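This report describes pockets and salt bridges in one protein structure. Please keep the sequence and the 3D view at hand while reading.

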Amino acid sequence: MNLLTLSKINKSFDENEVLKNVSLSLKKGEVISIIGPSGSGKSTLLRCISGLEQMDSGLIEFNDITIAAAKKKIINIKAIDAHKKIGMVFQNFNLFPHKTVLENIIEAPIIVNNIDKKDAINIAKKLLTKVDLLDKINSYPCTLSGGQKQRIAIARALAMSPELILFDEPTSALDPKLTSEVLKVIRNLALEKISLVVVTHEMEFAREISDRIIFMENGEILETSTPDLLFSNPKHPRIKQFLNLA
Ligand SMILES: Nc1ncnc2c1ncn2[C@@H]1O[C@H](COP(=O)(O)OP(=O)(O)O)[C@@H](O)[C@H]1O
Ligand SMILES: [Mg+2]
């Protein structure tokens, strides 16, 4: 059974067709990386999955429940509950600046999932230990490095017990030293068999963690393949060019 199924998604901003008949599916425990040039629609695709953007046509199913369809957000209890199991981590962290690290992590579990504050705090402490930042529990985001902010953002996503986490270029705002500490956390999630969709420019990393790689350009999926095949012998000339193999 697929955890996530996208069927023929189309999305335009005015005249600009950003997603053209995009279909893809992901099984539980699978890690998919999406690569491709800037402007190809990668972020828009993730935003459609997470419900931040509405598509013009197509269907998104999660755990066999329709969570989005043409021009409408599906609003019934099943769909809302299903959506809560999809986490998203952004390039620019998107932490609440006026809240502490702890408050950032416990807010959604308490408000959206109705978890007791005490339990939410215990979960937050476990997750902060996991991302090696328990000592920052009472800090404000502005006092943290980019790598630390991103690890907090990952802990915040994990606090909702997601079945799928979408990463949109999680290390693009970081210098190489901070990048590696964030990639390590994501690598561990992949090893734990959490389902992931990762948009990234870190090709070596994508090759290492992914079950499948998707190459997108101009709103279309040009190729879906295993990492070994796609990186050594892509079929499409554009991908060869993109990977400097041409
Ligand atoms: N909110 C928006 N309004 C108008 N155009 C947008 C919006 N978001 C994205 N776009 C356009 O959609 C295209 C794809 O953008 P995006 O999904 O961010 O690509 P990528 O993440 O691959 O760089 C670009 O041409 C971009 O300018
Ligand atoms: Mg993007």
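With which residue does E107 form a salt bridge? The partner of E107 is K99, and their closest N and O atoms are 2.9 Å apart.

## Basis of the report

This is a predicted model, in which local features need pLDDT of at least 70, side-chain atom pairs count only at pLDDT 80 or more, and totals for chains, interfaces and linings use all residues. Residues are numbered from 1 along each chain as its sequence is written, chains are lettered from A and ligands numbered from 1 in the order in which they are written, and side-chain values use heavy atoms, with hydrogens and water left out.

## Salt bridges

A salt bridge is a side-chain nitrogen of Lys or Arg within 4 Å of a carboxyl oxygen of Asp or Glu. By this rule there are ten salt bridges.

E30 forms a salt bridge with R212, with 2.9 Å between the closest N and O atoms. This pair links distant parts of the chain, 182 residues apart: E30 is in the loop between β2 (16-27) and β3 (31-35), and R212 is in strand β10 (residues 212-217). Helices (H or I, at least four residues) and strands (E, at least two) are DSSP runs, numbered from the N terminus. E30 is buried, with a relative accessible area of 14%.

## The largest pocket

The largest pocket has a volume of about 740 Å³. A pocket is an open set of points on a 1 Å grid over the protein atoms alone, where a 1.4 Å probe fits, with protein on both sides within 12 Å along at least five of seven lines; lining residues have an atom within 4 Å of a point. A volume is the space filled by probe spheres set on the points.

Of its 25 lining residues, H83, I86, A108, V112 and M160 are the closest to the centre of the largest pocket. Helix α3 gives the most to this lining, with four residues.

## The second largest pocket

The second largest pocket holds about 180 Å³ of space. Its lining includes R151 and E181, and α6 contributes the largest share, five residues.

R151 and E181 also form a salt bridge, with the closest N and O atoms 2.5 Å apart. Because R151 lies in helix α5 and E181 in helix α6, the pair ties together parts that are 30 residues apart in sequence. R151 is buried at 8% relative accessible area, whereas E181 is partly exposed at 23%.

Key. Buried means under 20% relative accessible area, exposed over 50%, partly exposed in between (1.4 Å probe, protein chains only).
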